[in-house]
Amino acid sequence: MLFGFEWDTSSELAFAWSILPILLIGLWVTVQATVLGFVVALVLGLILAVLKGAPSRLISWPANVLCEFIRDTPLLIQLFFLYYVLPEYGLVLPAFMTGALALGLQYSAYTSEVYRAGLQAIGRDQREAARALNFPSAHTFTHVLLPQAIPRIIPAMGNYLVSIMKDVPVLSVVTVLEMLNVAKIIGDRTFDYMVPLSMVGGLYLIMTLVASAGVRLLDTRLPKQGLPLK
Amino acid sequence: MAWTEYLTPLLQGAWVTVQLTVYSTIFGAILSFAFGIGKLSPNWLIKAVSVGYIEIFRGTSLLVQLFWLYFALPVAGQAVGLDLRLPPVVAGVLALSLNIGAYGAEVVRGAIQAVQKSQYEAARALNFTPRQALFGVALPQAIPEMMPPFGNLAVQNLKDTALVSLISLGDLAFRAEQLRNFTQDSTTIFTLVLFMYFGMALVLTAIMKLLERFVGRWRHASN
């Protein structure tokens, strides 16, 4: 029994059907961790992108090194680091929060590149035109650069959302009860790993195929010339 | 314990990580070419198998694949009367290679498709067989284009090896967790380990850059 649901081991099919609700509870945790991790990645990535693009080398160089460091070290170790080291400095977070933070941190290195590439892809003439028209720089950013950068950024960000979803099972090592961890527990108790783990694989496949189709749809629907402003 | 005493066990773990990375990157590269080319095959069966492989291994999580091979496969084997219990090192290398191979296959397919159509037309005009056109004309031009994404995948693979510690393989991540259990000195151990992974990634990147320069010569016609 797990989360109040009994399993029925009379046949493989009955077993699969009886553990589906349990796995779906785990799936909901996976979705929550994905969304929270993605939000953290979007915010931290933006901060990193701004720091990397800073005019002063004194700021941009350490930011670049930090970004490379985050990108080149495994999520698992970053997760262990946050999970064991933060409490030593008095910051005790629930395992789920630590996990989402680790996911966000790892992917901030990737999202910062997306922001940078999205802004760089806009021709210099757009900036020059804005300047010639005497736009203040904040106005240029919000009304000229951002509306053109967003349609380029969103599909790439969508792909990272899917990647984050696939990395959520790593959080099981710090006791987060996401889908894979739930399946593992069912396997530990029934000695049948085959059914729960295959079901997790199938559910993942459905989720990523749906999410990838969503990203592709978004890509075709977004106006390539930039979002119209009212 | 002084931090220097951590180095011996950690370096032993790092050596396992290096071996896992090398083996799974090489196997992964072989799978990449096999299924990347397979996806472009005119034979529908080969094409379907390649697409299925790529979608399944890109669409599910590496940790799910690893656990499936390590925990579920023996159960499946038992059902049909086969002993499919894999030692951790085999399950680990297999999961890592199959996973990275699926990503690599898409890179191979993309690079082959990016070769200009005129190249194929010229090969055909010169009466090359499809095989000659692929191996003699398309691949020598496509491989240099594959190298930058392959470099990223190799580093990705190095990072992914940390997950095999979860099926009790004594790699760097496993040793780190063992030491932490023993000494409770988390800050020092995990800082050291992060820098060790970073160092290995820098070396791997440099090697891939060298390889990139080496195959870059194929881009131009040679005899």
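Start with chain A and trace it along the sequence: the pattern reads α-α-α-α-α-α-α-α. That gives 8 helices and 0 strands. Keep in mind that this is a predicted model.

Colour by burial if you can: 38% of the 230 residues of chain A count as buried.

Next, select helix H1 (residues 12-52) of chain A together with H2(A). How do their axes cross? They come within 7 Å and cross at roughly 135 degrees. At angles over 145 degrees they would count as roughly antiparallel, so H1(A) and H2(A) are oblique to each other. Show the side chains where they meet: Leu48(A), Leu51(A) and Lys52(A) come from H1(A), and Ile59(A), Ser60(A), Ala63(A), Asn64(A) and Cys67(A) from H2(A). By class, this contact has 5 nonpolar, 2 polar and 1 charged residues.

Last stop: bring chain B into view. Here 29 residues of chain A are in contact with 28 residues of chain B. On chain A, pick out H2 (57-72), H3 (75-85), H7 (179-190) and H8 (194-221), each of which supplies at least two residues of the side touching chain B. Which helix gives the largest share of that side? Click on H8(A), with 9 residues. Colour the side of chain A that touches chain B by class and you'll find 19 nonpolar, 5 polar and 5 charged residues.

How values were computed:
Residues numbered from 1 in each chain as written. Chains lettered and ligands numbered in written order. Predicted model: local features only at pLDDT ≥ 70, side-chain atom pairs only at ≥ 80, totals over all residues. Contact = placed C-beta atoms within 7 Å. Helix = DSSP H or I, 4+ residues; strand = E, 2+ residues; numbered from the N terminus. Nonpolar A, V, L, I, M, F, W, Y, C, P; charged D, E, K, R; others polar. Axes fitted to C-alpha atoms, helices over the stretch in contact; angles between N-to-C directions. Parallel < 35°, antiparallel > 145°, perpendicular 65-115°, else oblique. Buried ≥ 20, exposed ≤ 12 C-beta atoms within 10 Å, placed from the backbone.
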